[in-house]
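The stops below go from a helix pair to a group of strands and end at one more helix.

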Amino acid sequence: MQVGVDIIQNFISRAFSADGLRIGGTEAAEETASGTDQLCLIITDQNWFSRISATSQDAESVTSSGPGDAAEASLDQLAIIQDALAAMSPSQQRAIRCVHLIIADPTIEAFDNRLTRLRHDDPQKVREFAAQQLGAEESAFALVPFGESSNEEQTREIVFSTGIDTLRRYLIEMGQLSLRITEVVPRLSLLIQRLSRSQDTTSCAIDIGGHTTTILFANRVSGAVFQQTVRVGTQTLRQILSDEMGVSPEEAQEALTNRSLLPDPQAFLEQDFSNPTLSTGTAQALRAPLLKIYHALQEGLEFFAFQRLHGKPTLAVATPEIDQIRGLANWISAILGVGGISVLSNDDLITELATGQSANLLAGAPKSLLTIGDQTYRFEKGQLTANQSTATPKKAKTTDPFSSAPDLMSLLGSRTSGFDAESIKQVGAFAALLASIVFGLWQLSYAPAQGSMRSALNIYQQAENQAKKITADRETPVSPQANEFQPASSSTVVWAPKIVSIAQHSIDGMWITSISGGAQDSRTDRAIEISGFVRNQDEQALAAINQFVRRLKSDETFMDGLSDVKVIRTSNSEGSPDLNFLIVARR
């Protein structure tokens with residue numbers, strides 16, 4: 001919404017003015033260059049690590065990290081950036097000349113550039129391809145050389161990409177240091193740089209965060225990659241153990257770090273869940289999240305090693321968070337069949353940044369990357385530079401089906417009664433949103449949850465984006481009738497994020513046949529009803545349904561506006577091996 005954009009821009013303008021910066025001229029660039037120190041800042045969804053290096057040879061680097069208490073770790077990268085900046089004194093921030101920002105973010109995806117046949121000398125085509133894959137309106141990208149190329153062949157590269165809005169949020173959150181940022185680098189790309197110098201043909205990179213784990217299989221010869229992300233991280237395991245043992249998160253983390261609590265990986269490889277190592281309550285509690293990691297590793301091996309004939313990996317590298325769970329590195333290496341996992345410390349990652357050709361997302365960003373007040377900035381020659389022209393940028397492309405016919409809409413004009421032009425546009429936008437949701441539900445009804453996950457998420461992300469546009473349009477009334485609209489009540493269910501959560505948390509082998517609103521009777525508190533079935537009628541099928549419910553309950557986005565989620569009914573179809581279920585989410 002424009003109001004929100006104005007608030008952000010005013011906030012940034014005040015932050016810069018407070019530090020002696022005036023937006024929109026060479027003075028900002030001069031202030032940016034006045035410092036002498038270099039800041040390398042690593043940001044994840046649970047902690048941060050910084051190193052401030054002075055240019056003078058006799059000065060030592062200053063390193064710091066946080067938050068020290070794992071129980072107080074924030075849930076997103078933007079909040080962690082605030083924590084990192086709060087730990088720096090004003091004098092330290094003023095002395096910083098340039099910032100290298102390393103981000104661990106599962107929304108940053110890696111694509112096989114060799115297979116997409118993109119040319120790195122056409123940035124716009126790369127951005128369009130990446131935006132299509134991400135389901136975003138616009139993207140930023142970075143290219144990392146990877147793979148052996150013949151003399152007649154274009155250099156093989158990996159494309160790392162994220163939505164442009166994500167990149168802008170990181171820049172804005174850096175406050176007065178925004179214009180001093182020279183690099184925004186995906187942490188996963190630094191693991192790939194390390195793998196590119198190895199002698200192993202096929203390898204695996206594992207980036208573990210607090211709430212997600214990203215697994216990337218890569219072949220050093222062909223340049224092919226395959227990425228998987230699962231919603232399990234170190235904090236996920238800590239919270240599950242805390243709930244199971246009835247102890248604080250701090251005590252649970254201490255137990256995970258110092259005690260061998262993970263079940264035997266051989267039980268997963270043999271699918272022998274009667275194994276004695278799984279008999280304890282702790283092992284049973286950790287089994288479900290570990291099973292998600294196991295399936296992601298197995299699917300990656302099946303697709304990358306066997307279907308694409310790249311062979312099994314012989315080397316694996318991981319980020320330092322893997323050591324927060326004792327035995328997790330050995331557990332993953334046993335599943336992959338590699339001799340061990342090389343863990344890169346934060347210092348190793350910063351060293352890697354200096355030794356290789358880093359994947360800088362700023363280099364592949366559009367020209368109007370950042371707007372502060374009336375001034376726009378682009379990334380050029382290694383720094384954010386003010387654009388020469390401050391003319392209003394062209395309106396971004398939209399999925400509004402009527403936006404491609406402005407002449408027709410202007411001919412319709414405004415009328416004193418009935419629908420005016422803007423009303424027709426909003427009705428059409430709502431129709432497009434409804435069509436997106438119906439098509440997405442059709443996919444969930446006729447495809448296995450696991451197989452349709454990416455397409456379903458893309459569809460509902462597009463639906464959510466469309467909903468945001470409609471909300472933005474409503475901020476400015478276009479007719480007297482528009483003022484009569486009332487905001488939704490607190491009991492209204494916002495469908496797009498709920499459906500995305502259902503798709504994300506679906507269990508392997510589970511089929512969702514319908515998702516509907518609760519009964520229209522005002523006396524009922526049913527908000528969402530989810531029907532489906534699980535193949536098999538044994539105890540594992542019922543356990544899968546219960547696990548699905550627990551995942552939904554732990555998802556703050558899904559539970560927004562809801563009080564509880566329960567399995568209301570399970571039944572067996574005559575002559576069918578399936579176990580049917582009805583799950584109800586209540587207000």
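Angles under 35 degrees count as roughly parallel, over 145 as roughly antiparallel, 65 to 115 as roughly perpendicular and the rest as oblique. Axes are lines fitted to C-alpha atoms, for helices over the stretch in contact, and angles run from 0 to 180 degrees between N-to-C directions. Helices (H or I, at least four residues) and strands (E, at least two) are DSSP runs, numbered from the N terminus.

This is a predicted model, in which local features need pLDDT of at least 70, side-chain atom pairs count only at pLDDT 80 or more, and totals for chains, interfaces and linings use all residues. Residues are numbered from 1 along each chain as its sequence is written, and side-chain values use heavy atoms, with hydrogens and water left out.

Select residues 187-196 (helix α8) and 346-355 (helix α14): they pack at an angle of about 75°, with axes 10 Å apart. The two helices are therefore roughly perpendicular to each other. Show side chains for R187, L190, L191, Q193 and R194 of α8, which meet D348, L349, E352 and L353 of α14 in contact (heavy atoms within 4.5 Å).

Next, select strand β7, residues 157-163; seven of its seven residues are buried (under 20% relative accessible area, with exposed over 50% and partly exposed in between; 1.4 Å probe, protein chains only).

Finally, select α18, residues 495-505, where nine of eleven residues are buried, among them P497, I499 and H505.
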